[in-house]
Structure formats: structure tokens, C-alpha cells
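Welcome! Let's walk through this structure together, one question at a time.

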Amino acid sequence: MRTKNYIKIKNLSKSFGDVEVLKNINLEVEEGEFFSLLGPSGCGKTTLLRILAGFEYPSEGEVFFDDANVTSLPPNLRPSNMVFQNYAIFPHINVQRNIEFGLRKENLSKAEMGERVENALKMVQLEGYENRYSNQLSGGQRQRIALARALVKQPKVLLLDEPLGALDKKLREEMQIELRNLQKSLGITFIFVTHDQEEAMTMSDRIAVMDEGNILQVSPPREIYHNPKNKFVSQFIGNINILDADLKSIANDIISISVDGFGLMQLKNHQNIIESDQVNIAIRPEEINISKVSDSKYDCNFKGKVKNISFYGESTYFYIQLDNSEKILMVSTNESKETFSENDNCFVNFNSTNLKIIKD
Amino acid sequence: MYNKNNTLFIYCVFYFAFLYIPVLLLPIFSFNDSFHMVFPLKGFTFDWYIQMWNKSRLHQALFNSIKVGIIASVVSTFIALFAAKAFTRYKVKFHGLSYGAILLPFIIPEIIIAVALIVIWTSMGLKLGLIPVTISHILFCTPFCMLILISRMEGFDKSLEEASMDLGENSFWTFWRVTFPLLLPGIIASLLLAFVISFDEFILAFFLSSSDQTLPIYMWSQLRFPKKFPHILALGAIIIIVTSLIVMTAYWLRNLGQGKKKDFSIGI
């Protein structure tokens, strides 16, 4: 299926005084896509969202919605609506009138208006809350009302600024699934800002990882997880072991590389690495196995000692000191056949195909 | 464990006595059947109230004061509203300097303002009267109104206005649908405070009013005649009751239409 790019951001930069918070951003988001902007606080993700909403104007560059240049359009003339981080429910009017707020110009009859509000409330599962005020709602309910108030306008794009940040863990996980289902059934483009990598991973079609005003990688969650483009992305998404490495030579797409703790290895060049690149070797904890004796199923076996064990319920993390390195390796298993305790000798085993070469 | 602290309790009793006993003497003596404000009380009478009711100059002074008070409070609240919006929502050039300049009438002694205004007004060849009094009261009340409205403006979340813009309203409608209703308790507080300040303001009115007396000037002028003194007590008693009613109304208005939210303080 070919879908068109609904949002286009071209060469966009934004400075506040001397501080450049966004640096030459280029981004395209497809129609009906659940797109997340992920990054640590201060990375520019919220500023980018506010530029899309029209609350900030870029210092340079342009924004297009459906091929129309909206760069200098104020928020009230844009086909986008926003769910604010603190929900911004008007405290002086009740839920019904909050949801009606954006419909004033549509000249609806009382019956039509009532129907729209009712449907919006049904969508967020808060029927019967019409007469409540903001201070009579819980955090989760406010969040749903904010969502209903934005969606009743039938926007082309819904902008969400860390909307789940203030909710507790269980409610947040419920809302993640609910938001995702809502987005699928409505087919609206969602731009979702978050600093929580799990949240971005579970909900998004694609994620843009941002740091210091730059977009480092734009990919679907699996791609980002398994093929992070650089060290920052790999460390920001999930747990990963990063090992120092020294690139020796590249010949016929085979890289010879000396890895801390693993020695000299031959790896396939998937990422067009050139000899002058500074690289690290990375491997996810779940891609490593732990055993009492070396296991010939894997082409890499290294001796080590269990330093610490952390039990998380669905998985157990072992922190293993490699014999021939300072490095402590993270290994996770959902269930180990063999039992280990701290200070036991062990072997870590993995296939060299799971090793990722990552640029600095 | 809760420790009952008698010393603090006694302190509170003295404090409230200090605050309110002098004020309470006014209504008590206003019913006393004597020209002199001394104990013991002689007898009960409504005479002073009846006497007060029949003073046409008092009626005129009261009417003047209300007129000046209403105009001064509305105009200064209006000016303060725009100033508060500018100071809290936009980047104002020379922020500190202009903020200080607007609040300056706080610090300048009233008598200096009065003298300055009388010089300007008369040198322009204009007649003294209620107009310069009203102007001076606007000047004097605006900083108070501004402080109330700025704190109110700072107290509410900017994203509410953004949400309104986002939902399709321009800045004019955003002001009327979101900013104004949320500021309303502050606006009412500002109007009431400015009215009360103007209503009992003496120095500016004394210099600028000429023959158009406001109520404080009338009261002061009557104090020279001992026989006219008791009806001033009656007037004072009524003013105390009316002012209390105004404040209670403001409190009641403040809770109206806010759901059950308690954190909307009126800020007087």
C-alpha cells in the first residue's frame, strides 16, 4: 500500500536567542502514521511539536501539511489539534462545554452538537461525565477529556505532548494500547512526543530518535532496536552492551576488528563502514546466553565470572566479568536451565552474527 | 500530641481587640443619646440616623464619591488588565524599568501627586472639581489593580490559552472565552479594591475637589462642629456595614461558577 507523506518538514532550524534547539531538521510523516519523537529532555522534541502546532515559528525552514505551506499559519488555522502535557482542561466550564469549545464555528444545531460530544465521550469511554468540572476528574480522566476535545474537531493530525507522563505505570500501559487502537480505527496521523523509549516502541509505526536538536535515526521500532545507527540510539533504546573496538582492516566486505574482551574478530560489513570510522561493537543482553560449560552451538564462547544477578520476574539479568577484560557484560535470560549464584564461574556464548558494528 | 498554647491564644485575643474595638465604638455611639463620645452611654436613639438622612449636602457628597469611585475603579482596572497581560504574556522591552515606573505611585507620597496635579491642572486654566479628583484616583488605584491582576495572570496556566488557539479561536475570542472568565475573580477583586481606595481617599480629594466634596471631605468638614458630630458616627456605622457586605458579596461571587475549586483566591 502506498500512502503519501502528509507532513513535510524541510531544512527546519529553531533558535531561542543564542541557543540552537533544532538543527536543520528534515522529516516526512505519512498519512495515518503513528509517529513518535523520542529523546531525552532538552533534545528539541517538544519544540518541534510546538512548531507543528503553530505555537512557535521556525527560525529557518518550512513546514508543509498535505503539500500546503503552513509555516507561518497560526494554530487556529491549522488542521491539527494538540493534547497538552498537563491536559489544559478549561477549569471554568464543564466537560460538555470543554468538548464543545472547538465547535463554535461549525454552526451545529443543539442536537448535532450533543451527538458529537456524546460520540467523543463514548470514544474515550467517559459517557455520563458531561457535567463534571476539571477538578472533579482524575488524571487519567482529564487525559481522556483532552483527547476527546481534540478529536471532536476531526483533525487531520493529532499532536500529543507526553500525554501519558503524569499517569501511573499501570494506567499508562492501558492508555498506550487504547491510544494505539484509537489511532488505528480513526486513521489520523499521530505525532507523539515522549522520552519513554518503551512507550515509543510499543505504540509507534516509526520513531525519530532525537538528541541535541538533531534527528539521529528515523525507523520502525524493530529496525531501531536491531540496527541502531549510532551509539546514542543504541543506548537510548533498550539495554545494550557496548564494547570498545579497534578497526583493523576492511577487505571484501569483511571487517577485521579487535574487540575489548573478545579479541580479533571477522565481521560482515552491513552498514558501509569505512576504515576511518570510529566504531564500537554492541550486543543486546538477550542475544547472549550463559552456561556452565562452553557451548558449541555458538561460535563465540568466553569465560567469565558472575558478579551480580538481578531478578525482574519475566527475565533475569546477569552481570558477568569477562576473564580477559575490565568489561562487565549484561546477559538476560527469561529462564536459565542452570542455576547460578554470584561469584560462580561461567561461560557466555553468542553468535558473532548478532554483534552490531556501531558508529560513534 | 496537640499542645494547647495559651500564650498564643491570649496574643490573638489582644490582637483582634486592638483591631476591632475602636471600629466597633462607632456603631455603639451612633445610637447614644448624647453629643459627646464618652462612656457611660446615656440612652438609645435613632435621631442621628434620621438627622443624617435629611442632610442634602451629605447626599451630594455620597453621590460624588460613588461616581468618582465607579469611574476610577473601572478605568484603572481596565488599564491594569492590559498592563498585566503585557507583563505576563509578552516580552516587554525594559521590563524591570517599565514595571517599576507603573508601580511608582505606590511609593510617591500622595501629597506630592496632589500638589503636582493641582499645579498642572490650574496652569492649564482648568477648573478644579471632580474631574481632576477622578483622574488622580485612577493614577493612584492602577498600581493596586495591576498587582492583583498580574498575580492572577501568573497563577493560571498559559497552556489554557494555547489550547483555545489550538481549538480554532483567534486571540480576541481566546481572551473572551478563556482569559477573561478565568481572570474574573481577579477583575472583581480589582474593581472592589479600587472602589474602596477611591471611596476613602482624602488627600488627593482635599487638594483637587474644590467645592465638589467627596464623602471623606464632607465628614472632615463636619468634625469642626461638635453638634454635627454624632451623625458622622451614624454615617461611619453604615459605611462599615456596607463595606462588609461588599466584601462578602465578592467572596460569594468568587465561589460562583468555579465548580468547587477552592484555590481561586480573590487576593484583596
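Q: What percentage of the 268 residues in chain B is buried?
A: A residue is called buried if 20 or more other C-beta atoms lie within 10 Å of its own, exposed if 12 or fewer, and partly exposed in between, with C-beta atoms placed from the backbone. By that count, the buried share of the 268 residues in chain B is 31%.

Q: What kind of model is this, and how are its parts numbered?
A: Residues are numbered from 1 along each chain as its sequence is written, while chains are lettered from A and ligands numbered from 1 in the order in which they are written. Local features need pLDDT of at least 70, side-chain atom pairs count only at pLDDT 80 or more, and totals for chains, interfaces and linings use all residues, as this is a predicted model.

Q: How many helices and strands does chain B have?
A: Helices (H or I, at least four residues) and strands (E, at least two) are DSSP runs, numbered from the N terminus. Along the sequence, chain B reads α-α-α-α-α-α-α-α-α-α-α, and its C-alpha trace spans about 70 × 70 × 30 Å along the principal axes. The tally for chain B is 11 helices and zero strands.

Q: Which share of the chain B contacts with a separation of 6 or more joins residues 24 or more positions apart?
A: Two residues are in contact if their C-beta atoms, placed from the backbone, lie within 7 Å. Among chain B contacts with a separation of 6 or more, the share from residues 24 or more positions apart is 77%.

Q: Which elements do the buried residues of H7(B) pack against?
A: Helix H7 (residues 158–166) of chain B is mostly covered, with seven of its nine residues buried. Leu160(B) and Met165(B) are among them. After H7(B) comes Gly168(B), with a positive phi near 110°. The packing partners of those buried residues are H1 and strand S6 (80–83) of chain A, together with helix H8 (171–199) of chain B.

Q: How many residues of chain A and of chain B are in contact, and of what class is the chain A side?
A: The contact between the chains takes 20 residues of chain A and 19 residues of chain B. For the classes, Ala, Val, Leu, Ile, Met, Phe, Trp, Tyr, Cys and Pro count as nonpolar, Asp, Glu, Lys and Arg as charged, and the others, Gly among them, as polar. The chain A side has 11 nonpolar, seven polar and two charged residues.

Q: Which strands are the edge strands of the six-stranded sheet in chain A?
A: This open sheet has mixed pairing and the order S6-S7-S8-S3-S9-S10 (chain A). Pairing on one side only marks the edge strands, S6 and S10 of chain A.

Q: Which residue in S9(A) is the bridge partner of Leu38(A)?
A: Strand S3 (residues 34–38) and strand S9 (residues 206–211) of chain A run parallel, with four bridges between them. Ser36(A) stands opposite Ile207(A). For Leu38(A), the partner is Val209(A).

Q: Why does Thr339(A) count as exposed?
A: Thr339(A) lies in the loop between strand S18 (328–333) and strand S19 (345–350) of chain A. Thr339(A) counts as exposed because the number of its C-beta neighbours inside 10 Å is 7.

Methods
Pairing = 2+ DSSP bridges.
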